[in-house]
Amino acid sequence: MLKFIAGWVHVLLWLKTTLSPMLIGFTMAMIICIVRDDINIYLIASFSGIGLVIGIAWAEKTRRTIGLSKFHGRLIGHPEIDGSKTNIKQHDE
């Protein structure tokens, strides 16, 4: 059961890494559509597709090199995000 949960967590981390660039592409396409005052499905699909391909490549590279858990751990445990004051004290001295 524990292996199933660990596998599920890794799948969710992979999806999170993959879908982030896709959502950026989707957002860029929607901004272009709003500026042009025209909803173009092909533009939205192409930007989202390009983001998805970039996301898959990024997630696979991350998985093979440092690992998804370590990658997300580094993002979450960054001193500026978790509110640690140690990084600020070093700059003051």
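These legends walk through a few close-up views of the structure shown above. The model is a predicted one, where local features need pLDDT of at least 70 and side-chain atom pairs count only at pLDDT 80 or more, while totals for chains, interfaces and linings use all residues. Residues are numbered from 1 along each chain as its sequence is written, and side-chain values use heavy atoms, with hydrogens and water left out.

**View 1. Helix α1 from end to end.** Helix α1 covers residues 2-36, which makes 35 residues. (Helices are DSSP runs of H or I with at least four residues, numbered from the N terminus.) From first C-alpha to last, α1 reaches 50 Å, close to the expected 51 Å; that expected span is 1.5 Å times one less than the number of residues. Look for the kink of about 25° at L19, shortly before the proline P21. The bend here is the angle between axes fitted to the seven residues ending at a residue and the seven starting there.

**View 2. The buried side of α1.** Which residues of α1 are buried? They are L13, T17, T18, P21, G25, A29 and C33. (Buried means under 20% relative accessible area, exposed means over 50%, and partly exposed is in between, using a 1.4 Å probe and protein chains only.) These buried residues pack against α2 (41-65) and α3 (68-76).

View 3. W8, V11, L12, L15, L19, L23, L52 and I56 make a nonpolar surface patch of about 670 Å². (Patch residues have over 30% relative accessible area and no salt bridge, and nonpolar side chains are joined within 5 Å.) Both α1 and α2 give two or more residues to this patch, and α1 gives the most, with six.

View 4. E60 and R63 form a salt bridge, with their closest N and O atoms 2.6 Å apart. (That takes a side-chain nitrogen of Lys or Arg within 4 Å of a carboxyl oxygen of Asp or Glu.) Why is about one helical turn between them? Because E60 and R63 are three residues apart in helix α2. R63 is partly exposed, with a relative accessible area of 44%.

**View 5. T62 and its contacts.** T62 belongs to helix α2 and is buried, at 5% relative accessible area. Leaving out residues up to four places away in sequence, T62 touches G67, L68 and F71. (Contact means heavy atoms within 4.5 Å.)

Notes. Patch = residues over 30% accessible without salt bridge, like charges linked within 9 Å, V, L, I, M, F, W, Y side chains within 5 Å. Areas by Shrake-Rupley, 256 points an atom, 1.4 Å probe, with all protein chains shown as cover.
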